[in-house]
Amino acid sequence: MSKIAFFIPNFEESHIDSNYLRIADELIKRGVSVTLLLIDTLSLYKSKVFAEGWKYTQAPTTDHSHVNLKEFNLREFTHLWVFSLGTKESFLDKYQLLYTGKYGIHFVNSLKAIMHLKSKYFLTSNTRVFKHPETHASTKADKLLKYVESSGKAWIAKPPAGSLGRDVFLLRPGNSNNRAILENLCGPKDNQYALIQEHISAIEYGEKRVLIAGAKIVGQYKRLASGDHRTNLLRGATSQACDLTPDESAYCNEIGTWLQGMGANYVGIDMVYPWIIEFNVVNPGGLMTIEELTGEDLAPKIVKQLNLA
C-alpha cells in the first residue's frame with residue numbers, strides 16, 4: 001500500500017490550507033496512508049533523515065500542543081509531496097536534507113523541479129517550449145533602473161523566488177519611485193537579487209491559473225487584478241470561472257509534458273496566452289477557488305492523474 005507524506009508549514013496564523021487537505025481526504029478514501037510532516041523539523045541522525053509530524057485523520061490546528069507529534073524516518077514512505085518550503089533562512093539546509101533522504105522515494109514534484117521552477121530564472125531558458133516576458137535580474141538597482149528607464153515599457157519588479165504577491169511592483173519609465181523600489185528589493189548592501197519582467201498589458205483582461213496533474217490539465221480559473229496590478233487572490237484580486245481555448249489547451253498540455261520531464265507532476269501555470277508568467281510547483285492552490293466557482297471538487301481527478309492510489 002502507498003504511504004505518502006505531505007510536507008507542510010508550521011501554523012502561526014488561523015489559516016489552514018484546505019487545498020492539500022482536500023487531496024489528503026481523497027487519498028484516505030482510496031485507502032492510502034497520509035502523514036503530515038512539518039518541513040521545518042527536518043533533521044539528520046546517523047545518516048537517516050527524519051521529520052516530525054502526525055498521521056492524518058483530521059484537519060490540523062494552529063495549536064500543536066493538541067497534536068501528538070512523532071518523529072518519522074523518511075524511508076517509511078513511498079511518496080513525498082512538498083507543499084511548503086518553510087522558513088526562508090533554512091531553505092538550502094532543508095533542500096539538502098531532502099536530497100540526502102530521497103533515494104528510493106518518489107517525490108510528486110522532484111527536488112530538481114522545486115529548485116529551478118520555484119524561481120523565475122529557469123523560465124527564460126526554454127523559448128522552444130513556451131514564450132515568456134522579457135526578463136532581467138541583478139543585485140544592482142542602478143543596472144535594473146537603466147533597463148527600465150531606457151525601455152519605454154512598463155515592468156513588474158519582484159523577488160525571483162517570491163510568492164503570494166508579496167513585494168511585487170509595477171514600474172513605468174520616469175516614475176520617481178522606481179529607484180527606491182529597486183533599491184529596496186536589492187537590499188541596502190546590494191546583496192539581494194531583484195527581477196524585472198516586462199508587464200503584459202493583456203493581463204488587465206485576466207490571468208489564467210491552469211492546474212496540471214500528470215502532464216494533463218485538471219482545471220483552471222481566471223484571476224483579475226482589483227485595485228492594483230497584482231492578480232494574487234490574497235492581494236485583493238478577484239476570480240472567475242473560465243474555459244480554455246483549443247489553442248490554450250494544446251499549449252498547456254504540451255507544457256505539461258515538458259514539466260513532467262522535469263519531474264514536476266503537479267503544477268499551476270500562470271498564463272496570459274501565449275505568455276507564461278510563472279510556474280507554481282509548491283502548493284499552487286486553486287482547488288477551493290475552483291470548487292466555489294464551478295461546484296467541482298478536483299481532488300479525485302488529481303489523485304487519479306497522478307496515479308497515487
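Leu185 is buried, because its relative accessible area is 7%, where buried denotes under 20% relative accessible area, exposed over 50% and partly exposed the range in between, for a 1.4 Å probe and protein chains only. The model is a predicted one, in which local features need pLDDT of at least 70 and side-chain atom pairs count only at pLDDT 80 or more, while totals for chains, interfaces and linings use all residues. Residues are numbered from 1 along each chain as its sequence is written, and side-chain values use heavy atoms, with hydrogens and water left out.

Leu185 belongs to helix H5 (residues 178-186), helices (H or I, at least four residues) and strands (E, at least two) being DSSP runs numbered from the N terminus. Not counting residues up to four places away in sequence, Leu185 touches Ala157, Lys158, Pro159, Asp167, Phe169, Gln192, Tyr193 and Ala194, a contact being defined by heavy atoms within 4.5 Å. The C-alpha atoms of Leu185 and Lys140 are 9.6 Å apart in space, although 45 residues separate the two in sequence.

For the protein as a whole, the secondary structure comes to 8 helices and 16 strands, and buried residues make up 50% of the 309 residues. Of the contacts between residues at least 6 apart in sequence, 67% join residues at least 24 apart.

Lys208, in strand S12 (residues 207-213), counts as buried because its relative accessibility is 12%. The side chain of Lys208 reaches the backbone oxygen of Asp243 at 2.8 Å. With neighbours within four places in sequence left aside, the contacts of Lys208 include Tyr221, Lys222, Cys242, Asp243, Leu244 and Glu248, and also Ile269, Asp270 and Met271.

The structure holds 15 aromatic pairs, a pair being two rings of Phe, Tyr or Trp (its six-membered ring) whose centres lie within 6.5 Å, with planes under 30 degrees apart counted as stacked, over 60 as edge-to-face and the rest as tilted. One of these is the tilted pair of Tyr20 and Phe83, with 5.3 Å centre to centre and 45° between the planes. This pair links distant parts of the chain, since Tyr20 lies in helix H1 (residues 18-29) and Phe83 in the loop between strand S6 (79-82) and H2, 63 residues apart. Tyr20 is buried because its relative accessible area is 1%, and Phe83 likewise counts as buried, at 5% relative accessibility. Phe72 and Phe77 form an aromatic pair that is also tilted, at 5.9 Å centre to centre and 45° between the planes, and both of these residues are buried. Tyr20 and Phe83 also belong to one aromatic cluster, together with Phe6, Trp81 and Tyr266.

The structure holds 1 cavity of 30 Å³ or more, where a cavity is a set of points, on a 1 Å grid over the protein atoms alone, at which a 1.4 Å probe fits but cannot get out, and lining residues have an atom within 4 Å of a point. About 60 Å³ of space lies in the largest cavity, volume being the space filled by probe spheres set on grid points that are joined across faces, edges and corners. The lining of the largest cavity consists of Ile39, Val82, Leu85, Phe91, Lys94, Tyr95, Leu98, Leu111 and Ile114. Helix H2 (91-100) and helix H3 (111-117) each supply at least two residues of this lining, and the largest share, 4 residues, comes from H2. By class, the lining has 8 nonpolar, no polar and 1 charged residues, with Ala, Val, Leu, Ile, Met, Phe, Trp, Tyr, Cys and Pro counted as nonpolar, Asp, Glu, Lys and Arg as charged, and the others, Gly among them, as polar.

Notes
On a 1 Å grid over the protein atoms alone, a cavity is a set of points where a 1.4 Å probe fits but cannot get out, and a pocket is an open set with protein on both sides within 12 Å along at least five of seven lines; lining residues have an atom within 4 Å of a point. A polar contact is a pair of N or O atoms within 3.5 Å; within protein, one must be able to donate a hydrogen and the other to accept it, and residues adjacent in sequence count only if both atoms are side-chain atoms.
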